[in-house]
Amino acid sequence: MKVKVREKKLKNGELSLFLDFWPPILHPIKKTKTRREFLKLRIFAKPKNTLERQHNKETKALAEQIRAKRQLALQAGN
């Protein structure tokens, strides 16, 4: 079971972060197989200043923490 953090480019120039599961997992609500979980986290595609770079760094760290929790939960069988 693998879980990766991936980015999707949005129309407004930002990047949306999501988790990519392989093999697909069962969605807890819809009861269908899914490979993605969107985190509702966004980062700047081209940060212009140190504030935007810091935002990207912190947001990516948060996404990595969520990824690690999901990975552990899947390995535990939840």
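1. The protein has one helix and three strands, and from the N terminus on these elements run β-β-β-α. Helices (H or I, at least four residues) and strands (E, at least two) are DSSP runs, numbered from the N terminus. This is a predicted model, in which local features need pLDDT of at least 70 and side-chain atom pairs count only at pLDDT 80 or more, while totals for chains, interfaces and linings use all residues. Residues are numbered from 1 along each chain as its sequence is written, and side-chain values use heavy atoms, with hydrogens and water left out.

2. Overall dimensions and burial. The C-alpha atoms of the protein fill a box of roughly 40 × 25 × 20 Å, taken along the principal axes. Of its 78 residues, 26% count as buried. Buried stands for under 20% relative accessible area, exposed for over 50%, and partly exposed for values in between (1.4 Å probe, protein chains only).

3. Surface and charge. The protein exposes about 6,100 Å², of which carbon and sulfur atoms supply 55%; accessible areas come from the Shrake-Rupley method with a 1.4 Å probe, and for residues only the protein chains shown count as cover. There are 21 positive and 7 negative charges, and their mean positions are 6 Å apart. Lys and Arg count as positive and Asp and Glu as negative, whereas His and the chain ends are not counted. The place of a charge is taken as NZ of Lys, CZ of Arg, CG of Asp or CD of Glu.

4. Contacts along the chain. Among contacts in the protein with a separation of 6 or more, 37% are between residues 24 or more positions apart. A contact means heavy atoms within 4.5 Å.

5. The aromatic pair. The count comes to one aromatic pair, where rings of Phe, Tyr and Trp (its six-membered ring) pair if their centres lie within 6.5 Å, and planes under 30 degrees apart count as stacked, over 60 as edge-to-face and the rest as tilted. The ring centres of F18 and F38 are 5.1 Å apart and the planes are at 40°, so this pair is tilted. Because F18 lies in strand β2 (residues 14-26) and F38 in strand β3 (residues 33-44), the pair ties together parts that are 20 residues apart in sequence. F18 is buried, at 8% relative accessible area, whereas F38 is partly exposed, at 44%.

6. Helix α1. This helix covers residues 50-75, and its 26 residues should span 38 Å at 1.5 Å a residue; the end C-alpha atoms are 37 Å apart, which agrees. The expected span is 1.5 Å times one less than the number of residues. The buried residues of α1 are E52, N56, T59, A63, I66, R67, Q71 and L74. Their cover includes β1 (2-9), β2 and β3. An α-helix has 3.6 residues a turn, so residues three or four places apart point the same way.

7. Exposed positions outside the elements. K48 lies in the loop between β3 and α1 and is exposed, with a relative accessible area of 73%. K48 and K60 are 12 residues apart in sequence, and their C-alpha atoms are 17 Å apart in space. K11, in the loop between β1 and β2, is exposed at 90%.

8. The segment after α1. A76 is found here and is exposed, with a relative accessible area of 59%. A76 and L10 are 66 residues apart along the chain, and their C-alpha atoms are separated by 34 Å.
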